[in-house]
Amino acid sequence: METDAHGRPPVGSPAAGVVHRLAQRHETLATVESLTGGLLATGIVEIAGVSAVYRGGLVVYDTELKAQLAGVPADLLAARGAVDPDVAVALAEGGRE
């Protein structure tokens, strides 16, 4: 990825800075989204050079798919609903696995 004369990433969005740092560290990124409907992934794939770090994403808008595809416990979804901080954590953890 490009750097300026001081070895820093070029001026751009905060997301571009994150992508640049991930590339430098040879780390990758994946996304799991729900209510954003893929908006996060859309913003990420617009960054030049992102293919070096972005593995892909999962958009699970439907509650049933949160359990089936992202591994969110069905009992947690039944008790809390789809819009809950603990559900969001479970969604992130399920996506990481």
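Reader: Does D84 count as buried or exposed, and at what relative accessibility?

Author: In this predicted model, D84 counts as buried, a class that means under 20% relative accessible area, with exposed being over 50% and partly exposed in between (1.4 Å probe, protein chains only). Residues are numbered from 1 along each chain as its sequence is written, and side-chain values use heavy atoms, with hydrogens and water left out. Local features need pLDDT of at least 70, side-chain atom pairs count only at pLDDT 80 or more, and totals for chains, interfaces and linings use all residues. The relative accessibility of D84 is 16%.

Reader: Which residues are linked with R80 in a network of salt bridges?

Author: A salt bridge is taken as a side-chain nitrogen of Lys or Arg within 4 Å of a carboxyl oxygen of Asp or Glu. R80, partly exposed at 42%, pairs with D84, their closest N and O atoms being 3.2 Å apart. R80 also forms a salt bridge with D86 at 2.3 Å between the closest N and O atoms, and D86 is itself partly exposed, at 38% relative accessibility. The residues linked with R80 in this network are therefore D84 and D86.

Reader: With which residue does E27 form a salt bridge?

Author: E27 counts as partly exposed, its relative accessibility being 32%, whereas the arginine R25 is exposed, with a relative accessible area of 53%. The closest N and O atoms of the pair lie 2.9 Å apart, and the partner of E27 is R25.

Reader: How many salt bridges does a search of the whole structure find?

Author: One of the bridges joins E27 to R25, while R80 takes part in a network with D84 and D86. Over the whole structure, the number of salt bridges found by the search is three.
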